[in-house]
Amino acid sequence: MSRDAVTGGGCAVSLAGAVGAVVVWWQTARTQRHLGNEFENNGQDFGAVLTELPLVFLAGAVVPAVVYGLGAWLLGRRRRPETTGSPEPSGGSEPSRGSASSGSSEFHA
């Protein structure tokens, strides 16, 4: 999966989660009670809406995006082959710079 596809998928999941969370929150009896769905709007409390709505929107956007990102990371990590050793240099005949066994530099004979 390409990086652009993962990013687009994460944004789509985040948008769907935010919209879904707001819709579910809007349908609850508690929210309807605060919005004043009683006789002549008795008990209307917009303070609860102004404090809860941003939190519901953020939670609906962040939680699905984190779960999607974690899943994409785990799947990407699972598919990536692990290398057991470091590759040999392509020259093959060049002495390694870190070998101190010969006692001489590669520039001096």
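## Reading a buried glutamate and its partner

Guide: At 17% relative accessibility, Glu52 counts as buried, since the cut-off for that label is under 20%. Bear in mind that this is a predicted model.

Visitor: Okay, and where is Glu52 found?

Guide: Glu52 sits in helix α3.

Visitor: Which residues is Glu52 in contact with, leaving aside its neighbours within four places in sequence?

Guide: Those would be Trp25 and Arg30. With Arg30 there's a salt bridge between the side chains, 2.3 Å from N to O. Since Glu52 lies in helix α3 and Arg30 in helix α2, the pair ties together parts that are 22 residues apart in sequence.

Visitor: Is Arg30 buried or partly exposed?

Guide: Arg30 counts as partly exposed, because its relative accessibility is 42%.

Visitor: How many salt bridges does the count come to?

Guide: One, by this rule.

Visitor: Let's turn to α1. What should helix α1 span?

Guide: Helix α1 covers residues 3–27, so at 1.5 Å a residue its 25 residues should span 36 Å. The end C-alpha atoms are 36 Å apart, which agrees.

Visitor: How do I read the sides of a helix?

Guide: An α-helix has 3.6 residues a turn, so residues three or four places apart point the same way.

Visitor: Which residues of α1 are buried?

Guide: They're Gly9, Gly10, Ser14, Gly17, Ala18 and Trp25. Trp25 also turned up above as a contact of Glu52.

Visitor: And what do the buried residues of α1 pack against?

Guide: Two helices: α2 (29–35) and α3 (46–79).

How values were computed:
Residues numbered from 1 in each chain as written. Predicted model: local features only at pLDDT ≥ 70, side-chain atom pairs only at ≥ 80, totals over all residues. Heavy atoms only, no water. Helix = DSSP H or I, 4+ residues; strand = E, 2+ residues; numbered from the N terminus. Expected span 1.5 Å × (residues − 1). Buried < 20%, exposed > 50% of the residue type's maximum accessible area, 1.4 Å probe, protein only. Contact = heavy atoms within 4.5 Å. Salt bridge = Lys/Arg side-chain N within 4 Å of Asp/Glu carboxyl O.
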